[in-house]
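Hello, and welcome to this short note for a first look at the structure. Please keep the 3D view open as you read the numbered points.

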Amino acid sequence: MTTAPKSLRLHIAFVGRRNVGKSSLLNALTRQQVSIVSPAAGTTTDPVEKPMELQPLGPVVFIDTAGLDDTGELGALRVQKTRQVLERADVAVLVAEAGAWGEFEQAMLRELATRKTPAVVVFNKTDAGKADPPLLAGLKEQKLGVVQASALSGAGLPDLRQALIEAAPGDFIDSPAILGDLVGPGELAVLVVPIDKEAPKGRLILPQVQAIRDLLDSDACCLVVKERELRGALDRLISPPKLVVTDSQAFLKVAADTPRNVPLTSFSILMARFKGDLPAQVEGTLAIENLRGGDRVLIAEACSHHPVGEDIGRVKIPRWLTQYTGEKLQFDHVQGHDFPEDLSPYRLVIHCGACMWNRREMLGRIWRCREAGVPITNYGLTIAYSLGIFERALEPFPAALALLRPGRRLQAHAA
Ligand SMILES: Nc1nc2c(ncn2[C@@H]2O[C@H](COP(=O)(O)OP(=O)(O)O)[C@@H](O)[C@H]2O)c(=O)[nH]1
Ligand code: SF4
Ligand SMILES: [Mg+2]
């Protein structure tokens, strides 16, 4: 079993009506008891996640869900949970019983198509009945992977595995780089990692570890220092580094200690590119200029255990943003998969770096904000903007930098 971070794994959700054999199929595919299988409809209540290796794709997470057609109060909650699963699914497996295809399945396919989630249709229980040939042909025409299987006999399981591999989005095979395209083989990046009381004990946080790994994968060199040691370390170098990357919270000191000709950015900005959509989030950041007294700002964290404490989202960002705008803003906070259905009350969404998430889930949120006409940015971009070093921090990314010119009202409040 690999220890690849969960967020880099392809997330495959099994969805469909109750009792069609989702859990049985998943168990058969993984040859392990992932979920409880029962003849009583609606046994799987909470989504069950199972990380495993699916060659040649590598690390995946299988997510077993409750039936989407659940009724009753508890049922409504399960349906909501299943929809939340769709938000983080890179691929969906729609399970149907052979001979029982209907409007429900058609509606699910439409929903998956709207979300642009690749789907594989599995007709299960083919030991008991066959799927209708014209229906199979029609689905294949829609370029959907279609598999006939039986969790009971094991028939069709290799086809399902193959269909999953074919449906996997390209960005799981070619993940966008964190740093590899910015710092070439043999070149040096300096990473600035503050070790203060908020740093986790005995380890580095995920974006820092991923950045180091990405540099090593690209045959680049890496020097890791705290902010206080940065200037001394830079002075000792024979030639300047290709790039300095800092934790956003040390931005001001690091900007002051890094010669102006050395490119500088932050881990959060790298994460916006890696996990989200940097140009969209740069556009979102510019909306800070339009914030006025009484405006509501939503601060969203992807998980409940931000490594640098709640402090950054709850205290520091509100303080820096209030100082920058000079306006009395209203801040709301959400965590985890709770993201408001109705974003219309907000003038800005400020998201964490989403380091623990897969990219599709973050892109899904960016997409929802765009649909609602609400700008979205992230922590690092907001901090850089509020501290007046936005433009410098974007210099390594010409496409994003181009959005700032010409004629944009940028940093009107900056001193
Ligand atoms: N005949 C037959 N029964 C199956 C098959 N797969 C699952 N079942 C049965 O269908 C029932 C519901 O299965 P389950 O996996 O719990 O369905 P889920 O609620 O959709 O996850 C159980 O009684 C299973 O034993 C299959 O391929 N053939
Ligand atoms: S809150 Fe966001 S940035 Fe912080 S650890 Fe969780 S996913 Fe990563
Ligand atoms: Mg089940």
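1. Let us start with two helices. Helix α11 (residues 278–286) packs with α14 at an angle of about 40°, and the axes are 10 Å apart. The crossing in which α11 passes α14 is right-handed. Please keep in mind throughout that this is a predicted model.

2. Which residues make that contact? On the α11 side you will find Leu-278, Gln-281, Val-282, Thr-285 and Leu-286, and they meet Leu-381, Thr-382 and Tyr-385 in α14. Sorted by type, the residues of the contact of α11 with α14 come to 5 nonpolar, 3 polar and no charged.

3. Helix α7 (residues 206–217) and helix α10 (residues 267–275) have axes 10 Å apart and pack at an angle of about 75°. α7 and α10 are therefore roughly perpendicular to each other, because angles from 65 to 115 degrees count that way. From α7, the contact uses Pro-207, Gln-208, Gln-210 and Ala-211, and from α10 it uses Phe-267, Met-271 and Phe-274. Here the residues of the contact of α7 with α10 divide into 5 nonpolar, 2 polar and no charged.

4. Now step back for the overall picture. The protein has 16 helices and 14 strands. It has 415 residues, of which 52% count as buried. Taking the contacts between residues at least 6 apart in sequence, 75% join residues at least 24 apart.

5. How many aromatic pairs does the structure hold? There are 4 aromatic pairs. One of them is formed by Trp-101 and Phe-123, a tilted pair with 5.5 Å centre to centre and 50° between the planes. Trp-101 sits in the loop between β4 (91–97) and α3 (103–114), while Phe-123 sits in strand β5 (residues 119–124), so the pair ties together parts that are 22 residues apart in sequence. Trp-101 is buried, with a relative accessible area of 18%, and Phe-123 is buried at 0% relative accessibility.

6. Another pair is made by Tyr-324 and Tyr-385. Their ring centres are 5.4 Å apart and their planes stand at 75°, so the pair is edge-to-face. Tyr-324 belongs to helix α12 (residues 311–325) and Tyr-385 to helix α14 (residues 379–386), so you can trace a link between distant parts of the chain, 61 residues apart. Both Tyr-324 and Tyr-385 are buried. Ring pairs also bring in Phe-390, which forms a cluster with Tyr-324 and Tyr-385.

7. Is Leu-54 buried or exposed? Leu-54 is buried, with a relative accessible area of 0%, and its place is in strand β2 (residues 48–54). Not counting residues up to four places away in sequence, Leu-54 touches Ile-12, Val-60, Phe-62, Arg-161 and Leu-164. For one of these, Arg-161, the C-alpha atoms of the two residues are 7.9 Å apart in space, although Leu-54 and Arg-161 are 107 residues apart in sequence.

8. Leaving aside its neighbours within four places in sequence, Arg-231 is in contact with Ala-256 and Asp-257. Along the chain, Arg-231 and Pro-259 are 28 residues apart, and their C-alpha atoms are separated by 9.3 Å.

9. Finally, two backbone details. Lys-143 is not a glycine, yet it has a positive phi of about 65°. This lysine is in the loop between α4 (133–141) and β6 (145–148), and Lys-143 is exposed, with a relative accessible area of 77%. Asp-219, also not a glycine, has a positive phi of about 60°. Asp-219 lies in the loop between α7 and β8 (221–225), and is exposed with a relative accessible area of 56%.

Note on methods: Residues numbered from 1 in each chain as written. Chains lettered and ligands numbered in written order. Predicted model: local features only at pLDDT ≥ 70, side-chain atom pairs only at ≥ 80, totals over all residues. Heavy atoms only, no water. Phe/Tyr/Trp six-rings, centres within 6.5 Å; stacked < 30°, edge-to-face > 60°. Helix = DSSP H or I, 4+ residues; strand = E, 2+ residues; numbered from the N terminus. Buried < 20%, exposed > 50% of the residue type's maximum accessible area, 1.4 Å probe, protein only. Axes fitted to C-alpha atoms, helices over the stretch in contact; angles between N-to-C directions. Left-handed = near helix turned anticlockwise from the far one by under 90°. Contact = heavy atoms within 4.5 Å. Nonpolar A, V, L, I, M, F, W, Y, C, P; charged D, E, K, R; others polar. Parallel < 35°, antiparallel > 145°, perpendicular 65-115°, else oblique.
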